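The structure is shown first, and the description follows.

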Amino acid sequence: MSMEYRLRLAKRMLFNKKGSLIGAVLAVTIGILVIHVNFVIFQGLFDAIVRDISNYRNGDILVTDEADYIDKSDLALANWFERIPFVQGATPRLSSSAEINMTKNGKLIEETRVPVVGVDPYRDVKASTAHETVAEGTYILNRNSVVLGNNVASDLGNAQVGESLKMLIVDRYGEDQVRRFTVAGIVKSPGGQGLDYSVVMHIDTLRDMMAREGESGSFMVKLNDPTKAFEVKEFFLAAYPNDDFIAETIEESAEEQLAGFRSGIAMINLIGYFGMMSSAFAIVTIQMMLVNGKTREIGVMRSIGAKRKDILIIFIFQGMIIGAIGAGVGTAAGLGYTIYAKETKMSFMNSIPLEVNYNWEKIIQTALLSFTLAIIASLYPSYRATKLLPVEAMRTV
Amino acid sequence: MTKIYGIGENQVKALDDATFSIGQGEFVLIVGSSGSGKSTLLNMIGLLDRPTKGKVFIDGIDTTKLDDNKISSFRNKKLGFIFQFSNLLTDLTVLENVLLPRQIGGTNGSSEKDARELLKSVGLESQLNKRANKISGGQAQRVAIARGLINHPSVVLADEPTGNLDSVTSGIIIQLMKSMAKKLNQTFIIVTHEPEHFGDVDKIITIKDGRALEGNHLREEEIIA
């Protein structure tokens with residue numbers, strides 16, 4: 001029997017059992033869809049967290065100093081980075097914590113240990129998107145204004161733009177430094193991943209209050225092409241061999257925050273692959289039903305000369321057809337979901353919008369895997385089909 | 001040949017040293033009461049089952065020495081089958097069912113022309129492209145006859161070919177088989193429990209208690225053992 005004829009018979013026998021075909025294809029499709037949905041949601045969430053950490057806090061490369069503070073001038077470092085074509089912007093950041101007092105309706109509200117981030121308003125807009133999260137008012141205007149994170153404003157009895165507050169920061173010598181500021185704006189980011197829990201002020205003001213003239217806590221470097229992060233980092237470290245700089249890519253600098261998430265994703269993926277295995281079992285069951293339903297036909301074919309190999313190949317072809325259609329439909333459905341998630345910037349309950357990417361390698365890998373599993377799943381039913389005796393055909397039905 | 005089913009105390013001797021010979025072009029009936037072993041005998045001749053003891057020679061070839069693959073090829077080339085329920089493949093059309101033995105054997109040269117001619121000779125030239133499950137029982141049995149003849153086999157084996165048909169259709173099918181046998185000088189071996197419907201035949205083999213009685217009429221005359 002020619003291969004072409006075996007394929008033709010396989011198709012004909014399968015397509016005439018539409019219920020079984022649809023059931024088997026659905027099993028493969030659902031298996032693939034589970035993987036795609038898992039990927040879109042959990043990888044999308046992971047990438048969104050990485051994106052936000054990169055956009056708001058760490059950049060694509062985060063430069064710190066082994067001695068806690070960078071004492072090289074902002075200008076020198078920013079200029080060094082910004083002459084590299086891959087670099088979009090580089091900006092200094094300084095962090096501390098503060099005690100804040102605010103009087104609302106005659107009542108004094110006090111908040112302690114509020115994180116404070118000092119930014120260079122000019123450079124920060126090039127290297128971070130924190131300024132895009134301003135919900136009310138403006139970003140840092142001058143040295144006497146601050147921007148409150150949405151949660152801080154809420155804790156301060158719904159602080160409003162234009163109101164004033166008093167801030168106490170302990171400087172490097174242990175002295176209290178108190179200043180009064182005007183609220184220039186309030187920032188609010190999706191999922192609270194931005195500076196929602198911090199107070200943002202001019203970096204020079206914070207330096208003054210901390211008595212750290214000309215020093216920065218970190219340098220945040222944003223790239224046009226994040227894939228060049230490692231290259232740029234290595235280039236930077238090579239350029240300053242005698243300094244105690246630490247330069248980390250986003251994966252390295254956010255590793256602590258992401259490690260747990262990463263293993264969670266691996267677990268979820270594993271569950272997805274178990275789902276795919278379940279689909280394979282469904283295919284075995286459906287194909288066994290197909291074989292049992294074709295006992296007489298198999299007997300007839302065997303009695304008029306079909307070899308065991310012919311029967312085996314016919315049913316393996318059926319597995320291939322199921323796998324191919326299932327992989328096609330499943331991949332199309334998965335891609336449809338991915339496109340929908342990407343276009344609608346999918347988020348859950350107004351939380352962080354997922355960072356959806358088309359991972360073609362994974363898409364193709366999933367389709368091939370399910371196709372292969374469908375073939376493997378068809379092996380046992382095909383083998384069982386070859387074991388049917390031609391004498392079956394002679395029996396009355 | 002002898003065929004024993006089961007083991008130990010549960011052994012059943014379905015055939016007991018049944019021996020006979022059939023010549024080229026003969027139209028032969030195998031008759032016997034229910035459970036006498038006639039279908040078992042047909043399975044042995046059709047190489048669908050192997051005898052426990054003894055040999056089956058077809059065209060001078062000892063078929064008991066053939067392995068599974070060679071038996072399949074042998075069945076395809078040397079034997080034609082007609083079953084009680086026609087057993088057409090319902091996924092295929094009438095024409096495709098007739099072509100099936102050629103497709104299985106991989107000999108496609110003038111297949112379609114031959115199949116069309118055979119279907120014409122059994123009066124089904126207008127039903128070629130109908131699905132096999134869309135034709136009547138009598139038509140299906142005629143398709144089965146055409147399918148059994150397409151490879152010009154040495155022997156056509158039929159197991160109760162009219163058992164599922166009304167008397168009028170049965171008569172048509174019997175006449176068709178007889179005319180095809182005569183026209184093609186084709187050997188037919190037919191298991192039936194209604195030998196009287198077949199009229200004159202070349203030989204009747206009666207199976208009784210697993211033994212074969214060979215003759216040309218319906219009386220048990222001679223035991224060949």
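## A salt bridge between the chains

A:Arg12 and B:Glu96 form a salt bridge, with their closest N and O atoms 2.6 Å apart; the term stands for a side-chain nitrogen of Lys or Arg within 4 Å of a carboxyl oxygen of Asp or Glu. This pair crosses between chains, running from helix H1 (residues 3–15) of chain A, which holds A:Arg12, to helix H3 (residues 94–105) of chain B, which holds B:Glu96. Helices (H or I, at least four residues) and strands (E, at least two) are DSSP runs, numbered from the N terminus. A:Arg12 is partly exposed, at 25% relative accessibility, whereas B:Glu96 is buried, with a relative accessible area of 16%; buried means under 20% relative accessible area, exposed over 50%, and partly exposed in between (1.4 Å probe, protein chains only).

The model is predicted, so that local features need pLDDT of at least 70 and side-chain atom pairs count only at pLDDT 80 or more, while totals for chains, interfaces and linings use all residues. Residues are numbered from 1 along each chain as its sequence is written, chains are lettered from A and ligands numbered from 1 in the order in which they are written, and side-chain values use heavy atoms, with hydrogens and water left out.

## The interface as a whole

Between chain B and chain A, about 2600 Å² of area is buried, and carbon and sulfur atoms give 55% of it; buried area is the accessible area (1.4 Å probe) that two parts lose on being put together, summed over both. In terms of contact (heavy atoms within 4.5 Å), 28 residues of chain B meet 26 residues of chain A. Five salt bridges are counted between chain B and chain A. A:Lys294 and B:Asp91 also form a salt bridge, their closest N and O atoms being 2.6 Å apart.

## Salt bridges within each chain

Over all chains the count comes to 30 salt bridges. In chain A, A:Asp60 pairs with A:Lys222 in a salt bridge whose closest N and O atoms are 3.8 Å apart. The pair links distant parts of the chain, 162 residues apart, with A:Asp60 in the loop between helix H2 (18–58) and strand S1 (61–65) and A:Lys222 in strand S9 (residues 218–223); both A:Asp60 and A:Lys222 are buried. A network of salt bridges links A:Asp74, A:Arg143, A:Asp204 and A:Arg207.

In chain B, the side chains of B:Lys78 and B:Asp59 meet in a salt bridge at 3.1 Å, N to O. B:Lys78 belongs to helix H2 (residues 68–78) and B:Asp59 to the loop between strand S4 (57–58) and strand S5 (61–62), so this pair ties together parts 19 residues apart in sequence. B:Lys78 is partly exposed at 27% relative accessibility, and B:Asp59 is partly exposed at a relative accessible area of 45%.

## Nonpolar cores

A nonpolar core is a set of buried Ala, Val, Leu, Ile, Met, Phe, Trp, Tyr and Cys residues joined through side-chain atoms within 4.5 Å. The largest has 68 residues, of which A:Leu9, A:Met301, B:Ile30 and B:Leu100 touch the most other members. Helix H11 (residues 308–343) of chain A gives the most to this core, with eight residues. Leaving aside residues up to four places away in sequence, B:Leu100 touches A:Tyr5, A:Leu9, A:Met301, A:Ile304, B:Leu89 and B:Leu92.
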